[in-house]
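I opened my notebook to look up the charged pairs. My entries follow the display.

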Amino acid sequence: MKEIDPVLLEKWLKCGIIHNGKGEETTAGTPQGGIISPVIANMVLDGLEEKCMKSVAKWKRTNNENGKYTQTSSSIHVTRYADDFVVTAKRKEDLKEHVLPAIVEHLAERQLELR
């Protein structure tokens, strides 16, 4: 899936609203549970699964003729639904040492933080 366009997202969040036929500025973002919230959340979360997978990826040498290393996925799973996500792993250490920092980095790149 295509990465988020930060310029488009910023314009979308700051474009204002029309209330009772009159334009009003948007100063507080979008309400959680609002109709646009899942769309914006999915734009922000796009790329998170790949970043999580790469954070715990293991490399092994293959038996092919050129002896290159290939990436194998660790046993983690990222599930997204609307504006929520859950990450599970076989090892708690993978979540704490690799996945959580990847999530924090992903959100920080979008000027967000995990709470």
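Which residue forms a salt bridge with K51? I found E109, with the closest N and O atoms 3.0 Å apart. My rule for a salt bridge was a side-chain nitrogen of Lys or Arg within 4 Å of a carboxyl oxygen of Asp or Glu.

I noted my ground rules next. This is a predicted model, where local features need pLDDT of at least 70, side-chain atom pairs count only at pLDDT 80 or more, and totals for chains, interfaces and linings use all residues. Residues are numbered from 1 along each chain as its sequence is written, and side-chain values use heavy atoms, with hydrogens and water left out.

Back to the K51 pair. K51 forms its salt bridge with E109, and this pair links distant parts of the chain, 58 residues apart. K51 is in helix α3 (residues 48–55), while E109 is in the segment after α4 (92–108). I took helices as DSSP runs of H or I, at least four residues, numbered from the N terminus.

K51 has a relative accessible area of 22%, so I wrote it down as partly exposed. My cut-offs were buried under 20%, exposed over 50% and partly exposed in between, with a 1.4 Å probe and protein chains only.

E109 also pairs with R110, at 3.3 Å between the closest N and O atoms. R110 is buried, at 16% relative accessibility. Salt bridges link K51, E105, E109 and R110 in a network.

I then looked up R91. Its salt bridge is with D94, the closest N and O atoms being 3.3 Å apart. R91 is partly exposed at 42%, whereas D94 is buried at 8%.

How values were computed. Helices (H or I, at least four residues) and strands (E, at least two) are DSSP runs, numbered from the N terminus.
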